[in-house]
Amino acid sequence: MTLTVNDLRVHYRTLRGEVRALDGVGFDLADGEILGLAGESGCGKTTLGKSLIRLDGRMRHVGGTVTLDGDELPLSDDRAMNAYRFHKISLVPQYSMSALNPTRRIGRMIRELLASRGVTVDTDELHRRLALVGLERDVLDRYPIELSGGMKQRAVMVISTLLDPSVLIADEVTSALDVSNQQAVVGALTGLRDKGLVTSMIFVTHDLGLTSHIADSIMVMYAGKLAEKAPTRTLTTEPRHPYTKMLIGSLPQVGARYKDKPLSGIEGSPPSLLNPPLGCRFRDRCPLADARCAEEPPVVEIAPRHSVACWKAA
Amino acid sequence: MLTLDRVTKTFRAGAFGGGSTTAVDRVSFEAAPGELVSLIGESGSGKSTIGRMVLGLTRASSGSLTLDGEQVRPGKDFYRRVQGVFQDPFSCYNPVFKADRVFALVRRAYHPGVPDKEWADRVEKAVRDVRLDPGQVLGRYPHQLSGGQLQRLLIARALLLDLRFLVADEITSMLDASTRIDVLNLLAGLKERGLGVLYITHDLSLGTYLAERTVVLRNGRVVERGDTQKVFGNPLHPYTRTLLAAVPRLNEPWTSAEPVEVCAFHEGGAPDTDLYETEPDHFVACAGLPDCGRTSA
């Protein structure tokens, strides 16, 4: 087992109180597994990714543990986390396109980054990795401004995985790209896993269609909590949580037409996480909700590797 | 009826304006009232430039854009009938003021003589038309509303004018899957009431969901256009096929695009125009195969 997250709680400090962005999430990530993490804006998916690598000044680790290859990560100790960052756990950030230093050629930037970690560059290996994500070796002599969005995204992927991390978190890496670039980036990520350069991966996105292409299993989050987690095929064909069902129902497929069959969205919006309501957080938008939903539903494993947090699914 | 006839836009590029880039190259298409035309292309294909030209925000370098037979000429009279909604609803509102101030601005500019009571009724009707509850959205600040609500308020603002044509430029790309579909269904409803819509997107599945007609753009040129069913049911241009194959579908692996064996454009005798009409309302450009143009020209 690579990564075990147990009841993780991370809150944001604001002037008006604590925002419970991540309120008790637990899951396992096996060796070689790609876990897709899906949900609406504000459901806590980016917070989860950030918590695993670096808590910024506003974030507070309230409870829960994260175990990576047998070691418990010192989440709230910024300095102690340095031993794990990039070596054991790495991140391709949402802002990859602007993550590169505009005044450095890519090659020099990589040399400097590696030197800061006390590692020397193996040029052949670097070329091999660039080829793996579909980049020519001459990108090393170019400035970031000379690369397209998709190329920058892939260059950052190579940089993030240079130290062969156990877990790579890819946060919305495809959301700013066109469909053909998306396909290339997703292909490159799978390639990194298949070649063993990263052991496992968490692929964060709001696009369920794309997730289903890369992920072995998918976890759907809602308002800071886990809603459902299952192997990809099971989650997309037999979802049990009403939220997952409605989310899949709102996806237009190519060829779907309003004239033939209008799709429906989900009425309402997620609750504020400043003082979240007790009980199931989806109940105000849920067509199945009844009196029992005022009580918080536990996460129950209804089938092997299929967990749901809903009273109606059990 | 919006008509574009061989519209071209060239931007000056380079440090001293020495070079030039052709962003839109001889694009022609029509959008009738009650029709939704989707404009599909990757970044840099010129789709937003076309939207801006239709709105009169940028002037075309050559070619003509007409609305109901009149040249597009920005001005109060024009904006009464044509309005645009853009990608980022959060940056369209002043965070200091309440969101419904966008309605007050419309009133001041276009309907100064309307009495308060009547104006309030009109606003309420427009808000209901975009399927929002006036009690929930009026009098709120932008940060208290969701992206979908803000986007719908902008459409409501356009409805307060004598709107005939709406340019929707990537209006759902910043919204969540659950609210995105509500905005699309709203557009479908408006179009059924006779509004013409130009829907600009890079997302094929959203384009096909609503559009009667589709225009596929690449590097500023139309590669294929016509009836949505025909263009995506039987794509003839290699680029359309590549785009279609790259769309992620739930539970279906990606397939590689089927190669194009014959160039439909040259097969059709390479007409003088840029596009060849292979069947009624299905136009395709030259596929750019290695042997294209050798026999003709």
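Let's start with chain A, where eight strands make an open sheet with mixed pairing, in the order E6-E7-E8-E3-E9-E10-E12-E11. Strands are DSSP runs of at least two residues (E), helices of at least four (H or I), numbered from the N terminus, and two strands pair if DSSP finds at least two bridges between them. Keep in mind that this is a predicted model: local features need pLDDT of at least 70, side-chain atom pairs count only at pLDDT 80 or more, and totals for chains, interfaces and linings use all residues. Residues are numbered from 1 along each chain as its sequence is written, while chains are lettered from A and ligands numbered from 1 in the order in which they are written.

| E6(A) | 89-92 | edge strand, pairs on one side only |
| E11(A) | 300-303 | edge strand, pairs on one side only |

Val220(A) sits opposite Glu228(A) in E10(A). H8(A) packs on the sheet and touches E9 and E10 of chain A, its direction making about 105 degrees with that of E9(A). Angles run from 0 to 180 degrees between N-to-C directions, and axes are lines fitted to C-alpha atoms, for helices over the stretch in contact.

Now for the two chains together: 31 residues of chain A are in contact with 28 residues of chain B. Contact means that the C-beta atoms, placed from the backbone, lie within 7 Å. On chain A's side, H6(A) gives the largest share, five residues.
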